[in-house]
Amino acid sequence: MTLTVEADPGPFTFDAATTALVIIDMQRDFCEPDGFGETLGNDVSLLRTVIPPLQAVLTAFREAGLTVIHTREGHVPDLSDCPPAKLNRGEPSLRIGDPGPKGRILVRGEYGHDIIDELAPLPGELVVDKPGKGSFHGTTFGTELEARGITSLVVTGVTTEVCVHTTVREANDRGYECLVLSDCTGSYFPEFQAAGLAMIAAQGGIFGWVAPSSALLPVLTPAEVAAS
Ligand code: C5J
C-alpha cells in the first residue's frame, strides 16, 4: 500500500517505509547571523521562514516512526577536503576556515557548523557530513540509503538552488523519487526560490515533485501511515 500527496506536476505516491525525510544544511552557518551565509552578504532572515513548517514535518516523521536524515555542509579542520576553487571563490568577509563569532567558518565540530537548535537531530538520526553541495558527493549518504532500503526522499532545507538542487539532481541520477517541500526549502534570493522549485517540477517532473507541507502532513499521521 502507498500514500499519495497532491503535488506539482501530479500526484506523488510513496511507501512510507522506504521514504526518508532529508533535511539539508539547516546549520547556524547558513541560518543565523555571523555565519558563512552572512559573510557572503546574504540576509539570513529569509531562510528562517523555513523553520516552523519544517519543525512540523520533522515532528510528523518522528511520530510516524519514519526515517529522518540530516546533512551538514562543512570541512575537516585542516581543510584538506575543501578544494581551492571553493575556498578562494567570491569576496566573503570571512573565508571558510577563518575564525568567526560562531567558531571557524564551515568547519566540522565548530558551533556555527552545527544544526540549529530548533531542528536538532535526535539520538539515532543519521547526520551526514558533506564537503560539497550535493549529499552524495564524498559521503556515505548513498550507502546509508541503500542499507535502509530507502527509494523515495522528501527533501527540505537550504538553500533551494544550491544544496537542495544539487542533492535532488544527484538523487535523480541514482534512481530516487524526490518530493521537494516548497515551504520547507529556502533561498537568500526569492527569485531563485521560485525558479528552483519550478525547475524541479517542469517538463513532467524532470527532477521530481513539489508540494507544500500542508499537502503532505494530512497523509503522514501515524494512523494513515499504519494503514498504508
Ligand atoms: C550554500 C547550501 N549555499 N547549503 N550551501 O553554499 O546551499
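Student: Where in the chain is proline 9 found?
Tutor: This is a predicted model, where local features need pLDDT of at least 70, side-chain atom pairs count only at pLDDT 80 or more, and totals for chains, interfaces and linings use all residues. Residues are numbered from 1 along each chain as its sequence is written, and side-chain values use heavy atoms, with hydrogens and water left out. Helices (H or I, at least four residues) and strands (E, at least two) are DSSP runs numbered from the N terminus. With those labels, proline 9 is found in the loop between β1 (3–5) and β2 (12–14).

Student: Which residue is joined to proline 9 by a cis peptide bond?
Tutor: The omega angle of this bond is about 15°. The partner in this cis bond to proline 9 is aspartate 8.

Student: Where is threonine 159, and what is the omega of the cis peptide bond that joins valine 158 to it?
Tutor: Threonine 159 belongs to the loop between β8 (152–158) and α7. Its peptide bond with valine 158 is cis. The omega there is about -15°.

Student: Now to the ligand. Which residues surround the ligand?
Tutor: A residue counts as near when one of its heavy atoms lies within 4 Å. The shell divides into four nonpolar, one polar and three charged residues, where Asp, Glu, Lys and Arg count as charged, Ala, Val, Leu, Ile, Met, Phe, Trp, Tyr, Cys and Pro as nonpolar, and the others as polar. The surrounding residues are Asp25, Phe30, Glu73, Lys133, Val158, Thr159, Val162 and Cys163.

Student: Which residue has a side-chain N or O atom 2.9 Å from a nitrogen atom of the ligand?
Tutor: This is a polar contact, a pair of N or O atoms within 3.5 Å. Here the protein atom belongs to a side chain, that of glutamate 73.

Student: Which residue has a backbone N or O atom 3.2 Å from an oxygen atom of the ligand?
Tutor: Valine 158 also takes part through its backbone, with an N or O atom 3.1 Å from a ligand nitrogen. At 3.2 Å from a ligand oxygen lies a backbone atom of cysteine 163.

Student: And what percentage of the ligand's accessible area does the protein cover?
Tutor: On its own, the ligand has 230 Å² of accessible area, computed by the Shrake-Rupley method with a 1.4 Å probe. The share that the protein covers is 91%.

Terms used
A polar contact is a pair of N or O atoms within 3.5 Å; within protein, one must be able to donate a hydrogen and the other to accept it, and residues adjacent in sequence count only if both atoms are side-chain atoms.
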